[in-house]
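Hi,

Here is the structure I promised to pass on to you. Have a look at it first, and my notes on what turned up follow below.

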Amino acid sequence: MTIIQEIPVLITIFGGTGDLAKRKLYPALFRLFKKGHLKNSFAVIGTARREWSNDYYQEVVLESIQQLSNDDAEKKAFASHFYYLSHNVEHTQHYDQLKHLADTLDATYHTLGNRVFYLSVAPNFFGTIAQHIKTQHLLTSNGFNRLIIEKPFGHNLQTAIELNNQLTQTFDENQIFRIDHYLGKEMVQNITALRCHNALLKACWHAEYIDNIQITLAESVGFEDRAGYYDKSGALRDMVQNHIFQILSLLSMELPETLNGENIREEKASVLRHLRMYDENAIKEHFVRAQYIGNDDIIGYKEEPDIDAYTRTETFVAGKIFIDNARWKNIPFYIRTGKRLSHKDTSVHIQFKPTSPEVAGNLLSIHIQPEEQIRLFINTKEQGLSHHIQMIDLTKTYTQQNAPEAYERLILECLHGDMTNFAHREEIELSWAFIDRIRHAWDNDTQSNIPTYTAGSMGPIESIQLLEKDGFHWINQ
């Protein structure tokens with residue numbers, strides 16, 4: 001039986017009135033409270049521009065966790081650890097007030113000088129906040145100091161480098177936790193376990209046995225209330241640079257002898273160093289961008305409110321990626337992601353080579369969401385007198401009841417100082433170097449028509465053709 005030990009900590013959430021805090025952070029912290037990881041020796045300071053009182057802030061926290069417990073006393077006990085400070089991140093004197101409150105709560109709740117600073121604000125404030133944390137002496141010398149930041153980690157390589165340089169003036173790299181919630185999902189974390197602890201998979205996880213690997217991050221929704229951000233970003237920056245590359249790295253990295261955070265992060269970075277870098281002609285051949293157009297129920301992207309009618313921002317990306325090392329020589333990794341597709345689907349498919357022309361190759365499918373499944377398709381003899389070979393489906397479905405939510409898992413890992421499932425600076429900068437080439441080629445091409453797809457489909461015909469010309473097809477098209 002695992003013994004849970006409470007982790008003393010003071011957590012300061014910049015952007016404490018925001019949607020992310022209410023939808024994800026407060027429920028995640030409450031789940032940790034219910035399980036005993038947070039108990040008596042913790043406090044949370046929420047900061048933002050709004051003029052809220054402590055009582056009102058605690059009511060907001062209570063509302064965010066209302067459906068997670070029927071025990072009113074438990075919920076009130078949790079919310080009593082929350083304190084609010086109206087704060088302008090650009091005003092030095094507000095950090096002096098923040099330091100005073102932090103020191104007071106440290107003494108009151110015996111948090112032992114352990115501090116986590118969670119930046120749930122626009123990235124252009126990251127550097128300013130980090131600088132003031134240092135100059136106004138919010139860091140402690142008798143406990144740990146850790147920084148959690150949300151994506152986007154820059155807008156391109158140059159801004160990513162500038163951001164990282166700003167943050168490392170205050171925090172060491174091993175104190176910076178760049179959160180990608182996909183890395184907290186159960187089935188994404190299962191990728192390494194599947195590869196490492198199954199001899200039949202470990203032995204054939206390379207070019208000799210695998211035909212292709214597919215990564216799909218399909219969304220049936222649009223960009224919701226993020227029009228301003230999304231039209232400046234697009235699917236390539238919003239999904240490929242972070243989520244898809246993190247999954248691709250876990251699928252393709254060399255397995256280190258010791259599965260600790262430092263070794264795994266180094267192997268993931270090694271994958272990104274070996275990405276085949278395309279010129280503009282190769283980008284046209286290997287990458288597809290598209291925008292959705294309307295159907296009977298949904299308007300097209302260009303007709304959406306607050307979207308430029310002449311925008312060339314892509315809402316769909318498909319691509320073929322090669323990793324130029326011995327393990328993956330000439331094996332294509334196909335990726336696709338998009339908005340307003342036919343259904344929500346986050347999945348990985350490993351297509352193994354057939355043993356003969358008459359028999360289909362094995363398939364391993366890892367379904368990340370909405371269902372959590374591992375499906376292995378293997379060939380067997382058809383029952384009876386026939387010698388016909390048939391493929392059967394071995395499926396393990398995971399129940400989501402009481403399963404840790406991604407933010408709960410990742411915040412706990414930060415509290416323990418475990419950086420395994422967080423992005424390292426080098427990973428961020430290497431991925432941006434690849435993405436910038438594609439973005440540059442697309443931005444230079446102002447004349448070509450951007451392909452379209454009807455909302456409710458699985459993308460443009462060009463995405464299907466990308467695989468067909470190689471003799472493959474999308475799994476779960």
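One aromatic cluster brings together Tyr26, Phe30, Phe33, Phe42, Trp52, Tyr56, Tyr57, Phe78, Phe82 and Tyr84. Please keep in mind that this is a predicted model. Across the whole structure, the search gives 29 aromatic pairs, and two of them may interest you.

In one, the ring centres of phenylalanine 177 and phenylalanine 422 are 5.0 Å apart with the planes at 85°, so this pair is edge-to-face. Phenylalanine 177 belongs to strand β6, while phenylalanine 422 sits in the loop between α12 (406–415) and α13 (425–444), so the contact ties together parts 245 residues apart in sequence. Phenylalanine 177 is buried, at 0% relative accessibility, and phenylalanine 422 is buried with a value of 0% as well.

In the other, tyrosine 230 and tyrosine 301 have ring centres 6.3 Å apart and planes at 75°, which makes the pair edge-to-face. This pair also links distant parts of the chain: tyrosine 230 is in helix α9 (residues 227–252) and tyrosine 301 is in the loop between β8 and β9, 71 residues apart. Tyrosine 230 is buried at 1% relative accessible area, and tyrosine 301 is buried at 0%.

Lysine 185 lies over the face of tyrosine 182, 5.2 Å from the ring centre. Arginine 276 lies over the face of phenylalanine 322, with 4.3 Å to the ring centre.

Now to the sheet. Six strands make up an open, parallel sheet, ordered β3-β2-β1-β4-β5-β6. Its edges are β3 (82–86) and β6 (176–179), each of which pairs on one side only. From one strand to the next, the twist averages 20°. Within the sheet, β1 (residues 9–14) and β4 (residues 115–119) pair in the parallel sense over 5 bridges, and threonine 12 has phenylalanine 117 in β4 as its bridge partner. Helix α2 (residues 54–64) packs on the sheet, where it touches β2 (42–48) and β3, and its direction makes about 125° with that of β3.

Finally, which residues of helix α14 (residues 461–468) are buried? They are Ser463, Leu466 and Leu467. These residues are on the same side of α14, because they cover an arc of only 85° around the axis. Among the elements that cover them are β7 (210–218), α11 (280–286), β8 (287–293), β9 (316–321) and β10 (333–338).

Key. Residues are numbered from 1 along each chain as its sequence is written. This is a predicted model: local features need pLDDT of at least 70, side-chain atom pairs count only at pLDDT 80 or more; totals for chains, interfaces and linings use all residues. Side-chain values use heavy atoms; hydrogens and water are left out. Two strands pair if DSSP finds at least two bridges between them. Helices (H or I, at least four residues) and strands (E, at least two) are DSSP runs, numbered from the N terminus. Axes are lines fitted to C-alpha atoms, for helices over the stretch in contact, and angles run from 0 to 180 degrees between N-to-C directions. Contact means heavy atoms within 4.5 Å. Buried means under 20% relative accessible area, exposed over 50%, partly exposed in between (1.4 Å probe, protein chains only). The arc is that of the directions from the helix axis to the C-beta atoms. Rings of Phe, Tyr and Trp (its six-membered ring) pair if their centres lie within 6.5 Å; planes under 30 degrees apart count as stacked, over 60 as edge-to-face and the rest as tilted. A charge sits over a ring if NZ of Lys or CZ of Arg is within 6 Å of the ring centre and within 35 degrees of the ring normal.
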